[in-house]
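Keep the model open while you read.

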Amino acid sequence: MGMSAWKRAGVCLTAAAVVAGVAGCQSDDGGGKKKAADSAQSGAQSQNEMTEVLQAAFKKTSEAKSSKVRMTMTMPAGVDGGGTMEISGVQGWDPAVMDVTMKGSALTESDPNAPEQVRMIMLDNVMYMDMGAEQAAEMDGKRWMKMDFAAIAEASGDAEAQKQMTGGLENMNQDPAQQLALLLESPNLKHVGPEKVDGVQTQHYKGTLSFEEMIDANKSFEMLSEKEREELTANVKKSGLKGYDTEVWVNEDNYPVKMVVGMKMPQGTMNMTANYSDYGAKADVQAPPAGQTLDLMEMLQEAGAGSESGL
């Protein structure tokens with residue numbers, strides 16, 4: 001497979017992690033509906049009122065299990081050339097599934113020959129990426145690449161690599177309600193006030209978390225040992241990542257309809273703005289036909305066998 005395909009896969013996987021990590025805020029009923037409506041009249045909210053509304057939104061997010069997502073990610077020039085990526089489609093959780101289309105300058109910045117848009121599907125802990133018609137010529141005529149990260153990690157025989165791959169997949173598959181849980185952990189959570197989003201009345205909240213606070217609040221990091229957590233924190237500090245700014249807009253039914261996450265780095269701030277709709281809509285995600293799919297795991301095994309035989 002050509003180098004351009006590997007570059008494109010890397011860009012797409014970065015976007016996938018963003019979608020699943022940032023995505024979604026959903027529905028149910030919940031006891032905070034009256035509280036949100038009342039606050040729209042009174043303006044300011046107390047700490048208890050903020051917590052009550054966001055906890056109700058957290059409950060709805062956990063129970064809705066799917067939504068449509070429309071996201072824009074803007075990266076500063078110092079991060080892989082920078083650029084903008086637009087992502088739209090459907091995401092589900094419990095079980096974790098995703099069917100999204102990505103387009104934007106961030107795709108073509110590192111590979112001018114990349115297609116204008118890329119479709120990505122996640123199902124049963126496996127990622128499928130449509131690499132485009134041109135790339136299919138380098139993939140035995142198959143345009144979909146299949147990436148089973150758990151299988152790749154297990155086959156590597158490297159315990160550390162296994163932990164990193166499966167840990168990354170857990171982050172990719174995490175319940176999107178975790179974003180609200182993280183916001184609730186912010187030591188400086190504040191109620192900005194009532195605002196309209198796409199013509200709908202909402203309540204706007206914001207908070208910040210340092211990387212250390214995010215690790216402490218995020219359950220997906222509990223699998224790490226104390227030494228591994230220290231190493232991860234040290235590496236992140238070297239990269240210059242300072243922390244996360246999170247904002248959420250919750251409507252009167254306690255559905256989060258918009259979320260903005262900013263990651264502060266020396267090169268600038270990476271901003272991700274997501275809008276959510278159709279909470280609880282069925283996420284009917286299907287894997288591509290096997291005959292159109294090339295398994296990355298098999299490709300790696302064949303490459304290894306070829307190198308051992310001197311081919």
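This is a predicted model: local features need pLDDT of at least 70, side-chain atom pairs count only at pLDDT 80 or more; totals for chains, interfaces and linings use all residues.

Strands here are DSSP E runs of at least two residues, helices are H or I runs of at least four, and both are numbered from the N terminus. Two strands pair if DSSP finds at least two bridges between them.

Residues are numbered from 1 along each chain as its sequence is written, and side-chain values use heavy atoms, with hydrogens and water left out.

**The whole protein**
- Of the 311 residues, 48% count as buried, where buried means under 20% relative accessible area, exposed means over 50%, and partly exposed is in between (1.4 Å probe, protein chains only).
- The accessible surface is about 14,900 Å², and 48% of that belongs to carbon and sulfur atoms; areas come from the Shrake-Rupley method with a 1.4 Å probe, and for residues only the protein chains shown count as cover.
- Among contacts with a separation of 6 or more, 60% are between residues 24 or more positions apart; a contact means heavy atoms within 4.5 Å.

- The 12 strands form an open sheet with mixed pairing, in the order 7-8-9-10-11-1-2-3-4-5-6-12.
- Strand 7 and strand 12 stand at the edges with a single partner strand each, so one side of each has no neighbour in the sheet.
- On average, neighbouring strands of this sheet are turned by 20 degrees against each other, direction ignored; axes are lines fitted to C-alpha atoms (for helices, over the stretch in contact), and angles run from 0 to 180 degrees between N-to-C directions.
- Back at the hairpin of strand 7 and strand 8, Val 197 sits opposite Val 200, there are two residues between the strands, and Asp 198 takes a positive phi near 55 degrees.
- Strand 10 (residues 256-265) and strand 11 (residues 268-277) are also antiparallel, with eight bridges, and Gly 262 stands opposite Asn 271 of strand 11.

**Helices on the sheet**
- Helix 3 (residues 47-64) lies across strand 1 (66-75), strand 7, strand 8, strand 9 (243-251) and strand 10, at about 85 degrees to strand 9.
- Helix 8 lies across strand 8, strand 9 and strand 10, at about 65 degrees to strand 10.
- Helix 8 is mostly covered, with seven of its eight residues buried; among them are Ala 177, Leu 180 and Leu 183.

**Nonpolar cores**
- A nonpolar core is a set of buried Ala, Val, Leu, Ile, Met, Phe, Trp, Tyr and Cys residues joined through side-chain atoms within 4.5 Å.
- The largest core has 53 residues, of which Leu 54, Tyr 205 and Val 248 touch the most other members; strand 10 gives the most to this core, with six residues.
- Not counting residues up to four places away in sequence, Leu 54 touches Leu 180, Leu 183, Leu 184, Leu 189, Tyr 205, Val 248 and Val 250.
- A second, separate core has eight residues, including Val 90, Val 97, Val 126 and Val 285.

**Polar residues to look at**
- Gln 203, in strand 8, is buried at 2% relative accessible area, and its side chain makes a polar contact of 2.5 Å with the side chain of His 191.
- A polar contact is a pair of N or O atoms within 3.5 Å; within protein, one must be able to donate a hydrogen and the other to accept it, and residues adjacent in sequence count only if both atoms are side-chain atoms.
- Gln 179, in helix 8, is buried at 11%, and its C-alpha is 8.6 Å from that of Thr 246, 67 residues apart in sequence.
- Thr 293 belongs to strand 12 (residues 293-295) and is buried at 11%; its side chain reaches the backbone oxygen of Pro 289 at 3.0 Å.
- Ser 88, in strand 2 (residues 83-92), is partly exposed at 38%.
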